[in-house]
Amino acid sequence: MSELETDLHRHGGIGHEDHAPGDEPHESVGHWVRNYLLGLFFAVVLTICSFWAATSHMIWAPAVPVAIVVFAIAQMGVHLVFFLHITTGPDNTNNVLALAFGVLVVFLLVTGSVWIMYHLNHNMMPTDEMMQMQR
Amino acid sequence: MFGKLDWSAIPFNQPIPLITSVILILGILGVLGLITVKKWWGYLWREWITSVDHKRIGVMYMLLGVVMLIRGFADAIMMRTQQAVAIHSAGYLEPEHYNQIFSAHGTIMILFGAMPLVIGLMNFVAPLQLGVRDVAFPTFNSVGFWLTASGALLVNISLFVGEFSRVGWLPYAPLSETTYSPGVGVDYYLWAVQISGVGTLITGINMVTTVLKMRCPGMTYLRMPVFCWTTLASSLLIVAVFPILTATLAMLTLDRYFGFHFFTNDAGGSPMMFMNLIWAWGHPEVYILVLPAFGVFSEIFSTFSGKPLFGYRSMVAATLFICVVSMMVWLHHFFTMGAGAAVNTFFGISSSVIAVGTGVKIYNWIFTMYGGRVRFETPMLWSMGFIFTFIIGGLTGVLLAVPPADFLTHNSMFLVAHFHNVIVGGVVFAVFAAVEYWFPKAFGFRLHAGWGKAAFWFAFIGFWVTFTPLYILGLQGMTRRLQHIDVEAWRPMLQLSVVGVAILIVGVICQVIQLVVSILQRDKLRDETGDPWDGRSLEWATPSPAPFFNFAVMPNVEGEEAYWGIKQRAIDTQQLAPEPDYRPVEMPLNSPVGIYTAFFSTVTGFALIWHIWWLAGLGLFAAFIGFVVFAWRDVHEFEVPVEELIRVERGRRAARDAFLERIRQGEGAPS
């Protein structure tokens, strides 16, 4: 949809430049190749680390899930920075806000659902009492 | 060859659906025949069906919404009359049929009536108010509309081929699982809602991008009309929560088609998880509907009071507050699940807190009228009726948000009355007000005022006569969805409610007459200046009906209430702004990809419902081909010559000059 992006730039002439996802600043090819290779390297290392944490006995067993969660969060960071090109620059405000909104929605849904399901039958009447009432 | 489909799918032994479908099919054939005889197909294809113009798509959304609103209203008439006669008797609707009717009523009214109406408004109005020529992705927009229409078509096909869902407007598990609903009804629901859900998501993405990225020069966020803010908030909610709906229904589909156990009673499934997920979508959904309605009222109160909106910034803040908090209240739909006090308290309080944001808005609207020069035109009547109705609906909502009170009124007629009170009083009144208000911008003439006012009074009184008895019945203990009734004491209120429905029918007839009369008298009601209501935002800066390129020259906004500023300058200096430098404009080309994709989506959906696997594969493949062909398109825009722009713009300027001339001679205030 390249024609639309030019349109966006033509009409959205408010404030400074603002990048849409996939709408990258002009850099040399070498820059991107290096960037993606570096990202790949970190992603592979973090993946190997997760497998290593699970299979070796270097980490105290009850702490293994925590370690894997840490590796997973780091993995997300690597993907965001190297592959989705999220930066803290002013040209990225919309992307960062969209990400924050998405994280908020997922957070509300997941924690809300877990909390609600944990409470599934706190106030449910025990079955034998219900039988008593029906009699 | 044809999966589960055979002649037993046609309801030959049920007179009501059979006769209705025959009449419907004859009606559709009649319309198609008329179009063929009059040779309108070329015009329709070029100007409407393949159009990517946001205004045309908006109008088509509205048309779809109105047709489905009438279908849903017919269901409502049947339910009210059935309950009024089925006291100590079976009534005239079989239980199976009655269950389909209330399920279809809810599904149609929310997903295929109110949603297209609200999305149509956002499509039509927001780009004009933002001062731009189209939405961010015009062809995508057309695809979204046609997918929504495809879903609506599937729901209506179920009337004639097979059956519709019998499990309510949300297919609660485990009732919707194959164990209890082996027929195709729930499958019709699932595929219709999935296909139209994709269409809605497309619109959401489109409108978010449009508001964030496509504003005319000078239109900063805090200069946008409130309707644009509510469009943004509503579209953000669509993008946030429609994927939840899609995923939830996909899980139910897996349960039904492949024997999964997400929501079954056995094998580790949890039916309550379905309630949890569907309401995590379902509650924000009502805010998706009502936020643009709040935007409509904000525009109307300010225009017809002749004053800027009171508390613009607090209005924006309240909108965004509601947008976020609406995603934190969903458990109030199942307080009675059996959760502990902590959960119920949290969600009870968060539900009540929404009333703070809404209250801010209500006060702002009242203060906008205070001290203003209020004109009681039809849109203003709907808006004032809304304030009265919505406050009562909101108060009963706060009552229902209190868990102990909810335990008494859960699933009662009180609840039914409450949500009709907010959705009819909020969304439907807003849509009628908006149609009156923006009709001249779409078609170039106003709607007849007298019939419009009559329609308002009948609808307003009819609404209250219908639903006040339901509140009372709810407090007397009547539960919702009863096919027949064994309590003699409820008879008077049920019959009074039918009287209300009769008054509502008169209101609907008034609206039809209003449309016919307005078309007949269109020359008398013509809007010459493009600004029939003395408006304040940019959509009134262009001629009526708005040309397909919206603005000959992009407006340059220098403050809040963009058009009001321009107009005041012209009146102060007694002349129009100097004629600008016209440049050719590039507009997107029409594309048939929307209707093409939707056609094959309908085929695929129908095939999946009836387990015709080869046809489903074929439909998906054909839809994909459409996507590929579209992606390889080379030319996607055409140039509008300067002469065309000048012709349209000079016409508008001449009308405005004449208007200034009238003011100069003191002949009268703006009409």
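## Helix α5 of chain B

The expected span of a helix is 1.5 Å times one less than its number of residues. Helices are DSSP runs of H or I with at least four residues, numbered from the N terminus. In this predicted model, helix α5 of chain B covers residues 138-160. Its 23 residues reach 34 Å from the first C-alpha to the last, close to the 33 Å expected at 1.5 Å a residue.

Of the 23 residues in α5(B), 18 are buried, and the helix is mostly covered. Buried means under 20% relative accessible area, exposed means over 50%, and partly exposed lies in between (1.4 Å probe, protein chains only). Just after α5(B), Gly162(B) takes a positive phi of about 85°.

## Nonpolar cores

A nonpolar core is a set of buried Ala, Val, Leu, Ile, Met, Phe, Trp, Tyr and Cys residues joined through side-chain atoms within 4.5 Å. The largest one has 193 residues, and those with the most contacts inside it include Ile116(A), Trp281(B) and Trp610(B). Helix α8 of chain B (residues 271-305) gives the most to this core, with 20 residues. A second, separate core of nine residues includes Phe549(B), Tyr582(B), Met587(B) and Val640(B).

Trp610(B) is in contact (heavy atoms within 4.5 Å) with several residues, not counting those up to four places away in sequence. Among them are Phe2(B), Leu5(B), Val161(B), Gly162(B) and Tyr188(B).

## Salt bridges

Side chains of opposite charge can pair when their charged atoms come close. A salt bridge is a side-chain nitrogen of Lys or Arg within 4 Å of a carboxyl oxygen of Asp or Glu. The structure holds 16 of them over all chains.

Arg536(B) and Glu561(B) form one salt bridge, with N to O at 2.7 Å. Both residues lie in the loop between α15 (491-520) and α16 (562-573) of chain B, 25 residues apart, and the pair links distant parts of the chain. Arg536(B) is buried, at 5% relative accessibility. In another pair, Arg56(B) meets Glu47(B) at 3.0 Å, N to O. Here Arg56(B) is partly exposed at 25%, and Glu47(B) is also partly exposed, at 31%.

The closest N and O atoms of Asp581(B) and Arg583(B) are 3.7 Å apart in their salt bridge. Asp581(B) is exposed at 56%, as is Arg583(B) at 58%. A network of salt bridges links Asp531(B), Asp534(B), Lys567(B) and Arg656(B).

## Basis of the values

Residues are numbered from 1 along each chain as its sequence is written, with chains lettered from A and ligands numbered from 1 in the order in which they are written. Local features need pLDDT of at least 70 and side-chain atom pairs count only at pLDDT 80 or more, while totals for chains, interfaces and linings use all residues; side-chain values use heavy atoms, leaving out hydrogens and water.

Key
Helix = DSSP H or I, 4+ residues; strand = E, 2+ residues; numbered from the N terminus.
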